[in-house]
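Welcome, and thank you for taking a look at this protein with us. Please open the sequence and the model side by side, and let us walk through some of the features together.

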Amino acid sequence: MKSKILSIFGLGVISMMAFTACSDKFLEDKKNYDNVTPDIYNYFEGANARVSDLYAWSLPNTNAEDNVIGWKFSSYGAADKEGKSTEEYAGFGLFVDPQKPISVSNGNVPDYFYGQLNNIQESAYGRIRNINDVILGLEDVKPGENITQEQINQLLGQAYFLRAWCYYRLVQWFGGVPIVKDMPEPVEGYTVPRSSTKDCIDFIISDLDKSKELLGSTVWTGNDFGRVTAGTACALKGRVLLLWASPIFNRANDESRWKAAYETMKAELSTINACGYGLYQPTMSDNGEDFAGMFSQTNSPEAVFTVQYNTTQSGTGQKNNQWERYIRPKNTSGNGTLHPSKMLIDLFPMKDGKVPNLSAFDLSYKGNYNKLAKSSILYDEEFPMANRDPRFYRTFAFPGVRWAYDGNNTLNKWEPGYPSYNNGKDYELWSYVWYTKESDQGDIESGNQYAADSLLGNGYSWYVRKRTIDADVKNTASYVYDATVSGGGFVFNSAPYIELRYAEVLLNLAEAACGAGQMAEAVGYLRQIRQRVGYTETCGLSADLEGDQAACMSAVLYERMIELAYEGKRFHDLRRWLLFDGGTAFSSIEGAPSSWTLTGWGGNTCAWLGITPLNDQRREYVEFRTADKYGVGDTKADTDPLVKAGVQRPAAVNLATTKEQIGEQVDQLKVWYYGDGTATNPAHLKYKLRKGDSYDTNKVPLTMKYLPYYYLFGFTQGSMNNNTALPQTIGWEDTNTGQMGTFDPLAE
């Protein structure tokens, strides 16, 4: 094998990353990961550094901003273009904006395929080429005194997994893509044809099987925790098989795909378990503490596929997790930029585990999940915090809830004046708002609100709390808090990001089991997940799930929406199951063959599941403002109408108590919010809707619109310009031919 520098699809591949992980003299003279001789693979230190580099450029990243979510970084749960195209956030994401359809001619096709020209580290096939270099290099190595066969196998197993991961990311968007698995010479006109989706799926599965075999019983500990294992390979394989069985690629509901997925996933669950993975449940408390705590543990058994971070504050080794910074309110020295939509708040289960009964409310989604039993507990739209699933309180934060942290926020030099909250140890979120004009108090569009406790113009009543580092759950913070630095006190954070956790393994298996007709087994996996947060016996699941495949599958998808909320998974679940429109409009796509018509699931997945399509719906925000009797305030913190009136706040809801005590505290909070009808305890706050999704120029509320050709994505103009032989997907413009695309991702 020769080490080569080459161009694939017009992509330059010269890497500019220097070695930092080794001290061997052999490596000291090497300045470039790709400009190396084959001898590097004869030394474990060099080969390991090459594999470590693959991780660096292949793993998800919690630092990715919305404008770079694409081929390189998957969504990790933030309000990016994918997250804002689901129930999780309001404000139109790219994929559901009714006024800005995605098309090549509009120039707004996001790049999930190409990347940057002449930069290996910023191009999709550049990093695949880099992985191929490692695979071919290691396969040529003979074991000796500097590298053993076991080490070669372990390194190869990791490389095969990462190549499978890269191709999985491509296939979930495009279906079939070019498969490049060698190191061809850089000759003019070199191209690789676009393979069928089936061939790509088989290729990914083959790589994952090799990864599983090569990694064997390896379990990583210490500084190596987070490297992939045979169990990680099996878990990703489950995702891939589930994608292939899902309606997006399985329009006729070929049951053999579901059975193949189910049998493989069930057989390989033992491998996943043997690698030490499992549900994180050290306390088995009924208040959701384990559900919250797993996200801050550096070596949680839940973390089947994880990205590790550190608290290093500068230099080449710095890798900090930014999630806590994004979700924490401004008065903790966070950014406070992630706010949940009313839709997801409304749809979370009640404390009996059942779907809220929303029939009495004017909501477009009030009949959602109509094949699942509705809760008999009365839902209060104006106080949605009452009587909810324990995960609700660990997913959302609202005015009057404790949210402790560890750090001195009074040192904030960027926006001084925030309260100390006993250095965060007694932080309570009081994010109710007031207005400066009476005319704005009832205006859903008004932005003239100011929030309590010096949040002011940064105030939203609700915050995403999911995956937080709660000082009441984990006493030792995984961050180095420094309120004096730009970006806020939580910047230097080592909390891991879990891309694929054990609960998803069970949910994937439950979905495959249901699709294969094994509903009783699917229900069993759902119960395991719910037992972690305190449910017992039937765990609140509908009684008829074992005998009704549609209801059972609906329950699985509902559980995925709740359990995996704000983890970057929902958008692709909606795509897999065609839940924007039920898959009823494929015949409207120009050039779509009859095989694209959905014939399984009664021709409409939404109707079959009893799920309201997301198209033609809109999402709003929920707000709590000061009651009318307290009047308006100004733009300063001390003009809070409740503070001026001398109103005393109650103790905030403390989640470090039992489920029953949390319920009692929430009930007490409601009395403070809305009073009890006596003069001594009047209402202090008032419920209000705040505009989420936008209006048109005539102030007409707009609704989501996901077009049918988005399900199987097309290439950008830049991708096609740099590879004139790359066929475009059906339904998308092909700038090379001037016609519509001809490649069929469903053809085998």
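Is D133 buried or exposed? With a relative accessible area of 2%, D133 is buried. Here buried means under 20% relative accessible area, exposed means over 50%, and partly exposed is in between, using a 1.4 Å probe and protein chains only.

Before going on, a word on the model: it is predicted, local features need pLDDT of at least 70, side-chain atom pairs count only at pLDDT 80 or more, and totals for chains, interfaces and linings use all residues. Residues are numbered from 1 along each chain as its sequence is written, and side-chain values use heavy atoms, with hydrogens and water left out.

**Helix α2 and its partner**

The side chain of D133 meets that of R50 in a salt bridge, at 2.5 Å from N to O. A salt bridge is a side-chain nitrogen of Lys or Arg within 4 Å of a carboxyl oxygen of Asp or Glu. D133 lies in helix α3 (residues 124-139) and R50 in helix α2, so the pair ties together parts that are 83 residues apart in sequence. Helices (H or I, at least four residues) and strands (E, at least two) are DSSP runs, numbered from the N terminus. R50 is buried too, with a relative accessible area of 0%.

Helix α2 covers residues 44-58, and at 1.5 Å a residue its 15 residues should span 21 Å; the end C-alpha atoms are 21 Å apart, which agrees. The expected span is 1.5 Å times one less than the number of residues. Because 11 of the 15 residues of α2 are buried, this helix is largely enclosed by the rest of the structure. Among the buried ones are G46, N48, R50, Y55 and W57.

**Other salt bridges**

The whole structure holds 45 salt bridges. Another of them joins the side chains of R501 and E302, at 3.1 Å from N to O. This pair links distant parts of the chain, with R501 in strand β10 (residues 497-501) and E302 in the loop between α8 (289-293) and β1 (303-307), 199 residues apart. Both R501 and E302 are buried.

K342 and D346 also form a salt bridge, with their closest N and O atoms 2.9 Å apart. These two residues both lie in helix α10 (residues 342-347), 4 residues apart, about one turn of the helix. K342 counts as buried at 3% relative accessibility, and D346 is buried at 1%. Elsewhere, salt bridges that share partners join E302, D389, R391, K466, R501, R530, R532, E559, E563 and E567 into one network.

On a 1 Å grid over the protein atoms alone, a cavity is a set of points where a 1.4 Å probe fits but cannot get out, and lining residues have an atom within 4 Å of a point.

Of the 20 residues that line it, Y168, Q172, R239, K569 and H572 are the closest to its centre. Helices α4 (149-174), α6 (230-245), α12 (502-515) and α15 (570-576) each give two or more residues to this lining.

The lining of the second largest cavity includes W323, E324, Y497, I498 and E567. Two or more residues come from each of α9 (323-327) and β10.

β11 pairs with strand β12 (residues 685-690) in the antiparallel sense over 6 bridges; strands pair if DSSP finds at least two bridges between them. Y621 has R690 of β12 as its bridge partner.

S454 is not a glycine, yet has a positive phi of about 65°. S454 lies in the loop between β6 (449-451) and β7 (463-464) and is buried, with a relative accessible area of 16%. W601, also not a glycine, has a positive phi of about 55°. W601 lies in the loop between α15 and α16 (605-609) and counts as buried at 6% relative accessibility.

Methods: On a 1 Å grid over the protein atoms alone, a cavity is a set of points where a 1.4 Å probe fits but cannot get out, and a pocket is an open set with protein on both sides within 12 Å along at least five of seven lines; lining residues have an atom within 4 Å of a point.
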